Amino acid sequence: MKVYLDGKLVDKKDAKISVFDHGFLYGDGVFEGIRSYDSLVFKLKEHINRLFESAHSIMLRVPLSKKEMIQAVIKTLKANGLKDGYIRLVISRGVGDLGLDPRKCKQASVVIIADRIDLYPKELYDKGIEIVTVPTIRNLCEALNPQIKSLNYLNNILAKIEAINAGCQEALMLDHLGYVAECTGDNIFVVKKGELYTPPQCMGTLRGITRDAILDIAKKNKIPTHEHVLTRHELFISDECFLTGTAAEIVPVVKVDGRVIGDAKPGKTTKAIMKEFKKITKTSGVKYTL
Ligand code: PMP
């Protein structure tokens, strides 16, 4: 495996960064997770735009232009001969000293890893998963805005640990008022009477790129969509529920906090959206040849 590290493609065993890098010391940096399907990078521009927005928000100067970043992603996919890949793009603040001051970090580091990912076994996509509300709430927008995809994912990891402790694959995270925010690495949707609902960004919900793609699919298929405050009760009484994310794609949810959703099987709207999503991943995106 070849890893892109600060402009060079190096062997996996040589892909190392300093222990003085503030990404390592403090989680000071930003990242993206991107997928390619059959030599098409899905929503690449959208991911690069979000990466640059995250970097801008934390005042991290990206050493490449957006165009160069796109080329670097394609180069890494090609170097690894991957038609279907999962790309992890990381920009860390770079090497500094043991204090917090980011001004001591003179040069940000850019790492691009292209690999494969199977987040959940295939049967879970057919059967659906169970999720559980966890005590750890999503970061407050006023503290660490979830729109920033920062390297500090401890909030999400704590929630994931609590879900695993409760015997579930994924955690439902609420905001500080008890409203539904999102899951640890996915956005959440419900279907009620044929209409689609998902929490708005102001609830501490990342504006997921898959989430946007699903809202587009719904609009094209004349399914009414609502970015709306959701309570747990509304999840419990929904007809269908599913999660969306680049790595997870679309995961049907059949149980929330022990309450069965719909008829305990992935619903028909969810299945139709999954089918449509598969279609767009195969027909849109930035093309490359191996
Ligand atoms: N929420 C969180 C907290 C995430 O980490 C992710 C994955 N990046 C998502 C939602 C889904 O976003 P996307 O569809 O852009 O991958």
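This is a predicted model: local features need pLDDT of at least 70, side-chain atom pairs count only at pLDDT 80 or more; totals for chains, interfaces and linings use all residues.
Strands E3 and E5 (residues 85-92) pair in the antiparallel sense over eight bridges. Residues are numbered from 1 along each chain as its sequence is written, and side-chain values use heavy atoms, with hydrogens and water left out.

Strands (E, at least two residues) and helices (H or I, at least four) are DSSP runs, numbered from the N terminus. Two strands pair if DSSP finds at least two bridges between them. E3 and E4 form a hairpin with two residues between them, and Asp 38 in the turn has a positive phi of about 50°.

How many of the residues of E3 (residues 29-37) are buried? Nine of its nine residues are, and the strand is mostly covered. Buried means under 20% relative accessible area, exposed means over 50%, and partly exposed lies in between (1.4 Å probe, protein chains only). One side of E3 holds Gly 29, Phe 31, Gly 33, Arg 35 and Tyr 37, and the other holds Val 30, Glu 32, Ile 34 and Ser 36.

**Strand E13**

Why is strand E13 (residues 240-245) described as largely enclosed by the rest of the structure? Because six of its six residues are buried. Glu 240, Phe 242 and Thr 244 point one way from E13, while Cys 241, Leu 243 and Gly 245 point the other way.

| Partner of E13 | Bridges | Facing pair |
|---|---|---|
| E10 (residues 187-192) | five | Val 191 and Glu 240 |
| E14 (residues 249-256) | five | Phe 242 and Pro 252 |

With E14, strand E13 forms a hairpin that has three residues between the two strands.

**Thr 184, in a loop**

Thr 184 sits in the loop between strand E9 (180-183) and E10. Its relative accessibility is 9%, so Thr 184 counts as buried. The side chain of Thr 184 makes a polar contact (a pair of N or O atoms within 3.5 Å; within protein, one must be able to donate a hydrogen and the other to accept it, and residues adjacent in sequence count only if both atoms are side-chain atoms) with the side chain of Glu 170, at 2.8 Å.

Ligand oxygen atoms lie 2.7 Å from a backbone N or O atom of Ile 209 and 2.5 Å from a polar side-chain atom of Thr 210. Taken alone, the ligand exposes 380 Å², and the protein buries 94% of that (Shrake-Rupley method with a 1.4 Å probe; for residues, only the protein chains shown count as cover).
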